[in-house]
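Subject: Structure handover

Dear colleague,

Please find the structure below. My notes on it follow.

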Amino acid sequence: MSEQARAAQRRSRLLLVGLAALFFGPLLLSWAYRQLGFDWYPAPRLSGVLIQPPVAVPLDAVTAIPAGRWKLVVTGPCDDACWKTLIDLRQIGRSLPRYQEALVRLYVHPPGQGLSAERLEEQAGMVQFEDQSGRLLAALINAAPPSDTAFVLVDPRNFAMLRFRKDYDPRAARKDLDHLLRRFVAN
(Lines give C-alpha, C1' and ligand atoms only; values in the text may rest on other atoms or scores of the structure.)
Protein backbone atom coordinates (compact mmCIF):
# COMPACT_ATOMS: atom_id res chain seq x y z
CA MET A 1 0.00 0.00 0.00
CA SER A 2 1.41 3.32 -0.98
CA GLU A 3 1.96 6.21 1.38
CA GLN A 4 -0.87 8.20 -0.25
CA ALA A 5 -3.31 5.33 0.17
CA ARG A 6 -2.43 5.01 3.85
CA ALA A 7 -2.93 8.76 4.36
CA ALA A 8 -6.32 8.59 2.61
CA GLN A 9 -7.28 5.58 4.75
CA ARG A 10 -6.19 7.45 7.91
CA ARG A 11 -8.26 10.52 6.90
CA SER A 12 -11.26 8.31 6.24
CA ARG A 13 -10.93 6.69 9.65
CA LEU A 14 -10.52 10.05 11.36
CA LEU A 15 -13.59 11.32 9.52
CA LEU A 16 -15.54 8.26 10.65
CA VAL A 17 -14.36 8.69 14.27
CA GLY A 18 -15.25 12.40 14.11
CA LEU A 19 -18.75 11.65 12.84
CA ALA A 20 -19.23 9.01 15.52
CA ALA A 21 -18.06 11.50 18.16
CA LEU A 22 -20.52 14.11 16.83
CA PHE A 23 -23.35 11.60 16.97
CA PHE A 24 -22.61 9.75 20.20
CA GLY A 25 -20.83 12.56 22.08
CA PRO A 26 -23.98 14.48 23.11
CA LEU A 27 -25.67 11.23 24.09
CA LEU A 28 -22.75 10.21 26.28
CA LEU A 29 -22.50 13.71 27.73
CA SER A 30 -26.21 13.81 28.62
CA TRP A 31 -26.07 10.32 30.09
CA ALA A 32 -23.04 11.26 32.23
CA TYR A 33 -24.72 14.52 33.19
CA ARG A 34 -27.75 12.68 34.51
CA GLN A 35 -25.69 9.94 36.17
CA LEU A 36 -23.53 12.46 38.03
CA GLY A 37 -26.60 14.21 39.37
CA PHE A 38 -26.12 17.67 37.87
CA ASP A 39 -29.24 19.78 37.68
CA TRP A 40 -28.87 22.43 35.04
CA TYR A 41 -32.58 23.23 34.88
CA PRO A 42 -33.84 23.43 38.44
CA ALA A 43 -37.53 22.94 39.06
CA PRO A 44 -39.48 26.21 39.02
CA ARG A 45 -39.84 27.72 42.45
CA LEU A 46 -43.29 28.69 43.53
CA SER A 47 -43.76 31.89 45.42
CA GLY A 48 -46.82 30.32 47.01
CA VAL A 49 -46.84 27.44 49.44
CA LEU A 50 -48.37 24.15 48.34
CA ILE A 51 -51.06 22.89 50.67
CA GLN A 52 -50.22 19.24 51.19
CA PRO A 53 -52.57 17.42 51.03
CA PRO A 54 -55.07 19.74 49.36
CA VAL A 55 -58.00 20.61 51.62
CA ALA A 56 -61.61 20.37 50.45
CA VAL A 57 -63.38 23.71 50.77
CA PRO A 58 -67.22 23.79 50.82
CA LEU A 59 -67.66 26.38 48.09
CA ASP A 60 -70.92 24.81 46.94
CA ALA A 61 -72.76 27.38 49.07
CA VAL A 62 -71.38 30.19 46.90
CA THR A 63 -73.84 30.02 44.05
CA ALA A 64 -72.50 33.15 42.34
CA ILE A 65 -69.46 31.26 41.10
CA PRO A 66 -69.96 29.17 37.97
CA ALA A 67 -68.63 25.63 38.21
CA GLY A 68 -65.23 24.79 36.87
CA ARG A 69 -63.46 27.99 37.82
CA TRP A 70 -60.22 28.57 39.67
CA LYS A 71 -60.79 30.79 42.70
CA LEU A 72 -58.53 33.31 44.38
CA VAL A 73 -59.96 33.48 47.88
CA VAL A 74 -59.32 36.21 50.42
CA THR A 75 -60.83 35.91 53.87
CA GLY A 76 -62.09 38.76 55.99
CA PRO A 77 -62.52 40.87 57.97
CA CYS A 78 -60.68 43.12 55.57
CA ASP A 79 -57.95 45.33 56.98
CA ASP A 80 -55.42 47.37 54.99
CA ALA A 81 -53.34 44.30 54.08
CA CYS A 82 -56.46 42.49 52.89
CA TRP A 83 -57.47 45.47 50.77
CA LYS A 84 -54.00 45.60 49.21
CA THR A 85 -54.31 41.89 48.43
CA LEU A 86 -57.69 42.45 46.77
CA ILE A 87 -56.21 45.23 44.64
CA ASP A 88 -53.23 43.04 43.73
CA LEU A 89 -55.54 40.19 42.76
CA ARG A 90 -57.61 42.53 40.59
CA GLN A 91 -54.42 43.62 38.82
CA ILE A 92 -53.18 40.06 38.48
CA GLY A 93 -56.52 39.04 37.00
CA ARG A 94 -56.40 41.90 34.52
CA SER A 95 -52.85 41.03 33.54
CA LEU A 96 -53.96 37.52 32.61
CA PRO A 97 -56.66 38.31 30.01
CA ARG A 98 -56.39 34.89 28.50
CA TYR A 99 -57.72 33.34 31.72
CA GLN A 100 -60.44 35.86 32.59
CA GLU A 101 -63.14 33.22 32.19
CA ALA A 102 -61.27 30.61 34.20
CA LEU A 103 -60.44 32.74 37.23
CA VAL A 104 -62.71 34.20 39.91
CA ARG A 105 -61.79 36.45 42.83
CA LEU A 106 -63.73 35.70 45.98
CA TYR A 107 -63.87 37.58 49.26
CA VAL A 108 -65.30 35.50 52.12
CA HIS A 109 -66.15 37.30 55.32
CA PRO A 110 -67.93 36.72 58.61
CA PRO A 111 -71.43 38.20 59.02
CA GLY A 112 -71.40 41.98 59.06
CA GLN A 113 -67.77 42.30 57.88
CA GLY A 114 -68.42 42.87 54.18
CA LEU A 115 -66.80 45.52 52.05
CA SER A 116 -68.45 48.89 51.77
CA ALA A 117 -70.36 49.69 48.58
CA GLU A 118 -67.60 52.05 47.41
CA ARG A 119 -64.90 49.45 47.86
CA LEU A 120 -67.06 46.77 46.30
CA GLU A 121 -67.56 49.01 43.28
CA GLU A 122 -63.79 49.29 42.90
CA GLN A 123 -63.58 45.50 42.83
CA ALA A 124 -65.77 44.90 39.80
CA GLY A 125 -66.05 41.23 38.97
CA MET A 126 -65.17 40.06 42.45
CA VAL A 127 -67.65 37.86 44.32
CA GLN A 128 -68.30 38.74 47.93
CA PHE A 129 -69.72 36.01 50.16
CA GLU A 130 -70.99 36.39 53.71
CA ASP A 131 -70.39 33.07 55.46
CA GLN A 132 -73.39 32.83 57.79
CA SER A 133 -72.60 29.34 59.06
CA GLY A 134 -68.84 29.84 59.36
CA ARG A 135 -68.26 26.51 57.63
CA LEU A 136 -66.39 27.97 54.67
CA LEU A 137 -64.21 30.22 56.82
CA ALA A 138 -63.37 27.28 59.10
CA ALA A 139 -62.34 25.17 56.11
CA LEU A 140 -60.20 28.01 54.73
CA ILE A 141 -58.56 28.53 58.13
CA ASN A 142 -57.92 24.79 58.26
CA ALA A 143 -56.26 24.96 54.84
CA ALA A 144 -54.21 28.08 55.47
CA PRO A 145 -53.59 29.91 58.73
CA PRO A 146 -54.99 33.44 58.36
CA SER A 147 -52.16 34.94 60.40
CA ASP A 148 -49.70 34.11 57.62
CA THR A 149 -51.89 33.87 54.51
CA ALA A 150 -52.85 36.65 52.13
CA PHE A 151 -54.92 34.53 49.77
CA VAL A 152 -55.60 30.96 48.76
CA LEU A 153 -55.90 29.38 45.33
CA VAL A 154 -58.77 26.89 45.08
CA ASP A 155 -58.97 24.57 42.10
CA PRO A 156 -62.14 23.92 40.04
CA ARG A 157 -62.96 20.87 42.18
CA ASN A 158 -62.95 23.08 45.30
CA PHE A 159 -59.67 21.97 46.83
CA ALA A 160 -57.43 24.61 48.40
CA MET A 161 -54.08 23.82 46.89
CA LEU A 162 -51.82 26.85 47.09
CA ARG A 163 -51.57 29.68 49.58
CA PHE A 164 -49.64 32.89 49.42
CA ARG A 165 -48.06 34.38 52.51
CA LYS A 166 -48.76 37.92 53.62
CA ASP A 167 -45.37 39.09 52.30
CA TYR A 168 -46.00 37.66 48.82
CA ASP A 169 -44.56 39.32 45.74
CA PRO A 170 -47.43 40.15 43.32
CA ARG A 171 -45.21 39.61 40.27
CA ALA A 172 -44.12 36.20 41.50
CA ALA A 173 -47.72 35.32 42.38
CA ARG A 174 -48.82 36.34 38.88
CA LYS A 175 -46.07 34.21 37.40
CA ASP A 176 -47.19 31.22 39.48
CA LEU A 177 -50.80 31.66 38.43
CA ASP A 178 -49.88 32.11 34.78
CA HIS A 179 -47.75 28.99 34.85
CA LEU A 180 -50.46 26.98 36.59
CA LEU A 181 -53.34 28.17 34.42
CA ARG A 182 -51.34 27.70 31.24
CA ARG A 183 -50.90 24.09 32.22
CA PHE A 184 -54.44 23.29 33.35
CA VAL A 185 -56.82 25.58 31.50
CA ALA A 186 -57.81 24.61 27.98
CA ASN A 187 -57.30 27.28 25.36
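Asn158 sits in the loop between strand S5 (149-154) and S6; helices (H or I, at least four residues) and strands (E, at least two) are DSSP runs, numbered from the N terminus. Asn158 is not a glycine, yet its phi is positive, at about 65°.

This is a predicted model, in which local features need pLDDT of at least 70 and side-chain atom pairs count only at pLDDT 80 or more, while totals for chains, interfaces and linings use all residues. Residues are numbered from 1 along each chain as its sequence is written, and side-chain values use heavy atoms, with hydrogens and water left out.

Two peptide bonds are cis. The bond from Gln52 to Pro53 has omega near -10° and is cis, and Pro53 belongs to strand S1 (residues 49-56). Gly76 and Pro77 are also joined by a cis peptide bond, with omega about 10°. Pro77 is placed in the loop between strand S2 (70-75) and helix H2 (80-94).

On the overall fold: the chain has 5 helices and 6 strands, in the order α-β-β-α-β-α-β-α-β-β-α along the sequence. The chain is more spread out than a compact globule, because its radius of gyration is 27 Å, well over the 16 Å that the globule rule gives for 187 residues. That radius is taken over C-alpha atoms, and the globule rule is 2.2 Å times the number of residues to the power 0.38. Taken along the principal axes, the C-alpha atoms fill a box of roughly 100 × 30 × 30 Å.

Helix H1 (residues 3-35) contains Glu3. Glu3 counts as exposed, at 55% relative accessibility (exposed means over 50% relative accessible area, buried under 20%, partly exposed in between; 1.4 Å probe, protein chains only).

Of the 187 residues in the chain, 35% are buried. The chain exposes about 12,200 Å², with carbon and sulfur atoms supplying 57% of that; accessible areas come from the Shrake-Rupley method with a 1.4 Å probe, and for residues only the protein chains shown count as cover. Among contacts (heavy atoms within 4.5 Å) between residues at least 6 apart in sequence, 64% join residues at least 24 apart.

Arg163 lies in strand S6 (residues 159-165). Arg163 counts as buried because its relative accessible area is 11%. A polar atom of the Arg163 side chain is 3.4 Å from the backbone oxygen of Asp148. This is a polar contact, meaning a pair of N or O atoms within 3.5 Å; within protein, one must be able to donate a hydrogen and the other to accept it, and residues adjacent in sequence count only if both atoms are side-chain atoms. Beyond its neighbours within four places in sequence, Arg163 is in contact with residues including Gly48, Val49, Ile51, Ala143 and Phe151.

Ala143 is part of helix H4 (residues 135-143) and is buried, at 9% relative accessibility. Not counting residues up to four places away in sequence, Ala143 touches Ile51, Val55, Ala160 and Arg163. Ala143 and Phe159 are 16 residues apart along the chain, and their C-alpha atoms are separated by 9.2 Å.

Regards
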